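Please look over the sequence and the three-dimensional structure shown here before reading on.

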Amino acid sequence: MTLHSWRDAYSGMSADNIKGLVLALSSSLFIGSSFIIKKKGLKKAGASGIRAGSGGYSYLYEPLWWVGMITMVVGEVANFAAYAFAPAILVTPLGALSIIISAVLAHIILRERLHIFGVLGCALCVVGSTTIVLHAPQERAIESVAEVWDLATEPAFVLYGVLVLVAVFVLVLHYIPLYGQTHVMCYIGVCSLVGSLSVMSVKALSIALKLTFSGTNQLVYPQTWAFTVCVLLCVITQMNYLNKALDTFNTAVVSPIYYVMFTTLTILASVIMFKDWDGQDPTQIITELCGFVTILSGTFLLHKTKDMADGSIRFSKHMDEEEGIPLRRHDSSNLRLP
């Protein structure tokens, strides 16, 4: 491929996509850093009071912990804003970069060893993210929130939404009471299914706010408030069942499964609703999927090898010594909502 043809292939990244990319990268930087800052705050607070893991709340009086919380909020705001400028297929997978930043900073600041396979996992995430960025579709030009509502009420997405709600109700009413304490997929299934609708609603709301701030008031449309209600309901549901999953199973199990399911369903929902792949040729689509699978591989490798020490994995990590329940753990510091 000549230089000219290469430039033609990749010069199409729009200004909005670039803004979304910068916001998504900033979000990962802030959120990844916040994990380390909060952990430093928790350690400092635990040295002079009851630790959070033992039911204490002394960390609420620790300024460093609040700095971490503020950093996380800034990151989530940047992540929210990114959806206003770039397609979900570009923004959502980049959330894996926060795991890399957290792992690297933990190695430098907290002296938590980053194994060679962890380094390889970080490299895979970077390669996968770069692949997606270079081949991501352009953001759809939308002039009002009513257009987003029209997309959300098209038969294909309505069918997807109905199937998601049916699956959620079946999981909540039938499978969770029977298998919730033994099968991680029950809780994670609800989180991921609802999460895909949450991201679509967040994107719709962020587009409405972007248009409003640019001078075209979208707050007068009832669709804006309908999307706002959807965001609140979906996020509350996600938080509820994600907390249940984290309270029952080990984070090393919950985190990669949640990331894989949530990201996959979000991309599927975005492709159906916003038709992200319209106008892209099969080569671009396959390349994006390969980039996504590369990120998944890196994320899985990071989580499965983070307990490696001296060339071996401490398998007992997946067993709560006090409770004796397989895959149980109460650590939620490395998960994020969309």
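The paragraphs below take up a helix pair, an aromatic pair and a loop residue.

This is a predicted model, in which local features need pLDDT of at least 70 and side-chain atom pairs count only at pLDDT 80 or more, while totals for chains, interfaces and linings use all residues. Residues are numbered from 1 along each chain as its sequence is written, and side-chain values use heavy atoms, with hydrogens and water left out.

Helix 2 (residues 15–48) packs against helix 5 (residues 97–109) at an angle of about 40 degrees, with the axes 8 Å apart. Helix 2 is therefore oblique to helix 5 (angles under 35 degrees count as roughly parallel, over 145 as roughly antiparallel, 65 to 115 as roughly perpendicular and the rest as oblique). Residues of helix 2 including Leu-25, Phe-35 and Lys-40 meet residues of helix 5, among them Leu-97, Ile-101 and Ile-109, where contact means heavy atoms within 4.5 Å.

Among the aromatic side chains, the rings of Trp-149 and Phe-227 have their centres 5.5 Å apart and their planes at 70 degrees, so the pair is edge-to-face (rings pair if their centres lie within 6.5 Å, and planes under 30 degrees apart count as stacked, over 60 as edge-to-face and the rest as tilted). Trp-149 belongs to helix 7 (residues 145–152) and Phe-227 to helix 10 (residues 222–248), 78 residues apart. Phe-227 is buried at 5% relative accessibility, whereas Trp-149, at 33%, is partly exposed (buried means under 20% relative accessible area, exposed over 50%, partly exposed in between).

Lys-275 lies in the loop between helix 11 (251–273) and helix 12 (282–305), and has a positive phi of about 55 degrees although it is not a glycine.

Terms used:
Helices (H or I, at least four residues) and strands (E, at least two) are DSSP runs, numbered from the N terminus. Axes are lines fitted to C-alpha atoms, for helices over the stretch in contact, and angles run from 0 to 180 degrees between N-to-C directions. Rings of Phe, Tyr and Trp (its six-membered ring) pair if their centres lie within 6.5 Å; planes under 30 degrees apart count as stacked, over 60 as edge-to-face and the rest as tilted. Buried means under 20% relative accessible area, exposed over 50%, partly exposed in between (1.4 Å probe, protein chains only).
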